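Work through the exercises below with the sequence and the model open. Each task is followed by a solution in steps.

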Amino acid sequence: MPENSEEARSEQDVAIDDAELIGLFAGHGIDRDSAAHFRGRLERRLVIHRCDDCAHWHHPPRPMCPACWSWNITPTEVSGRGTIHLLMTLHQGVPAPGVDYAAGHPVLTVELDEQSALRFTATATPDFPADQLEIGTRVELDWIDRDGTPTPAFRIGTGA
Amino acid sequence: MTDRSPMKDQVAIVGLGSTGFTRAGNRSPLAMALAAATEAIADAGLTAADIDGVVATSEPAAKGSEEIAAALGIAAATHHTKPSPVAMFSILDAARAVFSGAADHVLVVTPVVMGPWNSRQAAGDPWRRGTRSGILPNPDDATMAAAYAAWASRYIHEYGASKDPFARIAINSRTNAADNPLAAMTEPLSFGMYDAGRMVRDPLNVFDMDLPVDGADAFVLTTAERADALPHQPVLIHAATTGIVGKNDEDQLTTLGRTGQHVVVEQLRRTSDIWIDDVDLFYPYEGFTIITLAWFENCGFCPPGGAEAFLREHWNDDTNRIEINGRVPVNTHGGSLSEGATRGTGHIREAVHQLRGTAGSRQVEGAESALITPGGFFFNPQGAVLRRG
């Protein structure tokens with residue numbers, strides 16, 4: 001039942017209340033089901049929903065496993081390693097601190113090593129080598145600061 | 001999946017109304033909706049007293065079916081709904097209402113507006129400043145519109161495609177728009193102009209993206225039987241469907257080789273007696289050019305990754321547009337890229353004009369059937385086969 005996952009989430013809570021969390025991530029459509037994921041970000045941990053019963057990962061966060069309908073979901077930190085699957089450079093968009101559309105803002109969808117077609121989308125670190133910013137490149141999770149909020153970003157991978 | 005198609009040829013589109021589309025609009029969404037609606041009802045040879053169903057597409061800033069009914073002075077309606085944007089959700093809702101007996105004459109109305117989220121001009125207009133699209137302001141997402149640029153990168157990567165087929169979709173639409181008095185953008189587009197287009201979401205440039213406009217389309221649907229007594233040649237809904245795969249979050253879609261487009265095509269092939277070798281007209285959606293390449297491939301005109309070769313082979317240099325096998329034109333009205341971003345109502349309206357013989361200078365002689373495929377990859381792929389009644 002869903003109560004179990006509520007308990008699992010509460011153990012990871014950092015010291016901000018729900019109202020503050022919602023305020024920080026309102027632009028991301030945060031809700032009860034994605035709260036653990038966004039609390040993870042504040043600790044610079046990429047937390048993805050995983051099923052306790054069938055071990056299936058899913059994203060974006062939902063309250064029930066889409067593979068087996070189990071409610072026993074544990075938000076679980078991933079390695080952050082993966083491969084660029086989709087890639088674009090935004091030259092316009094909503095204004096955001098530290099985002100320079102004039103220079104081109106890269107957005108990478110990374111296929112995570114944990115599971116086939118489990119993906120996470122984020123920007124690239126500022127030092128990402130431009131000539132290796134392409135589909136198929138191995139990457140690792142890093143964090144940048146955006147107006148004081150830890151924000152996931154991928155850097156070039158260092159190994160397999 | 002169902003093989004049943006009891007609605008086949010039982011519902012007709014009998015009325016059309018359109019304001020035309022503009023980049024310099026100064027009317028409210030309700031005013032545009034009412035202009036299109038009254039025109040469509042009159043075009044069907046009907047009055048407000050005949051309308052007992054109102055379907056009002058939930059476009060940003062659009063009024064609901066109850067306010068449309070109030071503004072039109074409808075006496076009573078037994079079917080009134082507010083489907084999501086993208087045309088077939090509303091057309092199918094109306095058709096199913098007619099077929100089920102929920103209502104006899106159903107009005108569909110879809111106003112579209114430029115908003116602060118897609119137009120700098122609109123962002124400076126105080127009448128539009130408060131308009132919301134529901135799109136979340138996060139620069140690091142590959143969702144909504146941005147998802148099409150993201151998957152275009154994958155298409156180019158997997159097939160080694162150039163931008164040539166993307167350019168041909170954009171140029172085809174612009175060429176056809178020149179003959180359409182409703183179209184917002186009619187200046188001719190060359191390959192050179194396309195290549196020089198301002199990059200917006202690399203790999204997609206400004207010519208790969210539909211054109212934000214103001215305007216409205218409206219339709220009236222009734223039974224095939226009632227349609228015979230009305231002024232225009234009826235156009236029948238022969239087959240129609242929507243389709244999604246379960247794993248449809250934009251960045252989680254397993255592969256472009258299995259999307260809602262495939263579900264739509266499989267369902268149309270199960271239920272339609274008419275398919276790509278038979279149709280006289282093709283209206284693949286081009287909200288983004290990558291969507292259109294996928295529709296060509298997924299409908300079976302060419303294999304996956306084959307759109308580049310296909311469009312080059314079926315390009316008419318003299319007319320500067322696509323003509324499939326020298327015969328079937330594509331998006332004869334100029335589509336969402338050049339007529340304006342109607343999310344598919346323009347494609348359906350134009351197909352009906354062609355099939356009933358009211359397409360003016362764009363008329364394709366003897367056109368009897370059309371394949372229309374609105375929607376993208378994720379949560380709104382749709383399709384229909386329309387035929388002359």
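**Exercise 1. Strand pairing across the chains**

Task: Find which residue of β5(B) stands opposite A:Leu90, and follow the pairing from there.

Solution. A:Leu90 stands opposite B:Arg201 in β5(B). This is a predicted model, and the pairing is read from its coordinates. Next, take A:Thr89, whose opposite residue in β5(B) is B:Asp202. At the level of strands, β4(A) pairs with β5(B), residues 199–202 of chain B, in the antiparallel sense over two bridges.

Now continue within chain B. β5(B) is also joined by two bridges to β6(B), residues 204–205, and the two run antiparallel. In that pairing B:Arg201 stands opposite B:Leu204. A hairpin of one residue connects β5(B) to β6(B).

**Exercise 2. The interface of chain A and chain B**

Task: State how many residues of each chain are in contact, and how much area the two chains bury.

Solution. Start with the contacts: 31 residues of chain A touch 27 residues of chain B. The size of an interface is often given as the accessible area lost when the parts come together. Here chain A and chain B bury about 2400 Å² between them, with 52% of it on carbon and sulfur atoms.

Then count the polar interactions. There are 16 residue pairs in polar contact across the interface, both residues being at pLDDT 80 or more. On the side of chain A that touches chain B, β4 (82–90), β5 (105–112) and β6 (119–124) of chain A each supply at least two residues. β4(A) gives the most, with seven residues. By class, this side of chain A has 15 nonpolar, 13 polar and three charged residues.

Last, the salt bridges: two are found across the interface. One of them links B:Asp140 to A:Arg146, with the closest N and O atoms 2.5 Å apart.

**Exercise 3. Salt bridges within a chain**

Solution. Side chains of opposite charge can pair when their charged atoms come close. Over all chains the count of salt bridges is 31.

**Exercise 4. The surroundings of a strand residue**

Task: Is B:Val385 buried or exposed, and what is it in contact with beyond its sequence neighbours?

Solution. First place the residue: B:Val385 lies in β14 (residues 382–388) of chain B. Its relative accessibility is 0%, so B:Val385 counts as buried. Leaving aside neighbours within four places in sequence, its contacts include B:Leu236, B:Ile237, B:Ala239, B:Ile274 and B:Leu371. For B:Ala239, 146 residues away along the chain, the C-alpha separation from B:Val385 is 5.1 Å.

How values were computed:
Residues numbered from 1 in each chain as written. Chains lettered and ligands numbered in written order. Predicted model: local features only at pLDDT ≥ 70, side-chain atom pairs only at ≥ 80, totals over all residues. Heavy atoms only, no water. Helix = DSSP H or I, 4+ residues; strand = E, 2+ residues; numbered from the N terminus. Buried < 20%, exposed > 50% of the residue type's maximum accessible area, 1.4 Å probe, protein only. Contact = heavy atoms within 4.5 Å. Buried area = accessible area lost by both parts, 1.4 Å probe. Salt bridge = Lys/Arg side-chain N within 4 Å of Asp/Glu carboxyl O. Polar contact = N/O pair within 3.5 Å; in protein donor to acceptor, adjacent residues only side chain to side chain. Nonpolar A, V, L, I, M, F, W, Y, C, P; charged D, E, K, R; others polar. Pairing = 2+ DSSP bridges.
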